[in-house]
Amino acid sequence: GRLVLATHNPGKVIELAELLEPHGLEIVSAGDLGLPEPEETGTTFIANAELKALAAATASGLPALADDSGLCVDSLGGAPGLYSARWAGPTKDFSIAMRRVRDEMPATAPDTVHFICALTLAWPDGHTESVEGRVDGRIAWPPRGANGFGYDPIFMMDGQFRTYGEMLRAEKESDNHRARAFAKLLTLLP
Ligand code: ITT
């Protein structure tokens with residue numbers, strides 16, 4: 001069957017397409033369908049993933065998969081969290097967002113952080129299924145590596161000394177918050 005990827009983030013499209021690849025679905029992108037980007041008014045990752053997936057499923061008449069994710073810094077009470085994309089500003093400049101994380105973190109506090117990924121599958125009839133994945137790690141400074149997207153150059157997962165930005169695409173994709181969420185969604189794929 002066909003599945004709409006309800007995201008306008010090219011980094012997510014690459015990772016989700018890779019995860020979906022073995023499952024034989026024909027992927028249609030929200031951008032290609034000209035679907036509008038709904039305002040992310042939710043107060044949780046799952047609420048935002050649900051509203052994005054539902055908007056795409058109802059507008060397209062096809063099942064849709066949406067991703068809402070973010071970086072949560074313990075010493076910042078979970079910020080930027082839901083606001084991870086917004087910290088990069090209208091020009092989507094993540095060097096600014098990474099610098100802000102670094103500047104706002106108290107120097108003496110632990111540098112522990114995690115990524116969260118909420119994935120929602122929505123059907124045109126309004127049915128939804130949502131899951132969440134998490135990966136724990138810490139902040140690297142200065143940013144390192146040109147791979148991946150978003151906050152990848154400052155994130156080192158537990159047990160790793162390279163950032164996601166320094167890992168090969170296949171390495172990051174083999175274990176991260178998105179892959180962990182996706183594993184929980186497998187039995188629910190359309
Ligand atoms: P869509 O809503 O169109 O999917 P978005 O970029 O606005 O795209 P979010 O609202 O979910 O998506 O913002 C999440 C941000 O968190 C995203 O822009 C990244 O900067 C960051 N993020 C999420 N997953 C990440 C990952 O695997 N590596 C690095 N940064 C990530």
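**Site, sheet and ligand**

Modeller: Asp-68 lies in strand β3. Keep in mind that this is a predicted model.

Colleague: What does UniProt say about Asp-68?

Modeller: The UniProt record, an unreviewed entry, puts the feature "active site" at Asp-68. The record also lists Asp-68 under "binding site", together with Glu-39. Those two are spread over 30 residues of sequence, yet they cluster in space, with a largest C-alpha distance of 12.3 Å.

Colleague: Is Asp-68 buried or exposed?

Modeller: Asp-68 has 28 other C-beta atoms within 10 Å, so it counts as buried.

Colleague: Which residues is Asp-68 in contact with, leaving aside neighbours within four places in sequence?

Modeller: Phe-45, Asn-48, Ala-49, Lys-52 and Ala-118.

Colleague: And Glu-39, buried or exposed?

Modeller: Glu-39 is exposed, because it has 10 C-beta neighbours inside 10 Å. Glu-39 sits in the loop between β2, residues 26-29, and α2, residues 45-60.

Colleague: Switching to the sheet. What is the strand order?

Modeller: The order is β2-β1-β3-β4-β5-β6. The sheet is open, has six strands and shows mixed pairing.

Colleague: Which strands stand at the edges?

Modeller: β2 and β6, the latter at 155-157. Each has a single partner strand, so one side of each lacks a neighbour in the sheet. On average, neighbouring strands of this sheet are turned by 35° against each other, direction ignored.

Colleague: Which strands does helix α5 touch?

Modeller: Helix α5, residues 177-185, packs on the sheet and touches β3, β4 (112-122) and β5 (128-139). The direction of α5 makes about 155° with that of β5.

Colleague: Now the ligand. Which residues come nearest?

Modeller: Thr-7, Asn-9, Ser-84, Ala-85 and Gly-150, out of 23 residues around the ligand.

Colleague: How do the residues of that shell divide into nonpolar, polar and charged?

Modeller: Seven nonpolar, nine polar and seven charged.

Colleague: Where does the largest share of the shell come from?

Modeller: From strand β3, residues 64-73, with five residues. That is the strand that holds Asp-68.

Colleague: Last one. Where is Met-167 placed?

Modeller: Met-167 is in the loop between β6 and α4, residues 169-174. Met-167 is buried, because 21 other C-beta atoms lie within 10 Å and the cut-off is 20 or more.

Colleague: What is Met-167 in contact with, its neighbours within four places in sequence left aside?

Modeller: Asn-147, Arg-162 and Lys-172. The C-alpha atoms of Met-167 and Gly-148 are separated by 8.3 Å, and the two residues are 19 residues apart along the chain.

Note on methods: Residues are numbered from 1 along each chain as its sequence is written. This is a predicted model: local features need pLDDT of at least 70, side-chain atom pairs count only at pLDDT 80 or more; totals for chains, interfaces and linings use all residues. A residue is near a molecule or strand if its C-beta atom, placed from the backbone, lies within 6 Å of it. Helices (H or I, at least four residues) and strands (E, at least two) are DSSP runs, numbered from the N terminus. Ala, Val, Leu, Ile, Met, Phe, Trp, Tyr, Cys and Pro count as nonpolar, Asp, Glu, Lys and Arg as charged, and the others, Gly among them, as polar. UniProt positions are given in the numbering used here, feature names are shortened, and annotations may be inferred rather than shown by experiment. A residue is buried if 20 or more other C-beta atoms lie within 10 Å of its own, exposed if 12 or fewer, and partly exposed in between; C-beta atoms are placed from the backbone. Two residues are in contact if their C-beta atoms, placed from the backbone, lie within 7 Å. Two strands pair if DSSP finds at least two bridges between them. Axes are lines fitted to C-alpha atoms, for helices over the stretch in contact, and angles run from 0 to 180 degrees between N-to-C directions.
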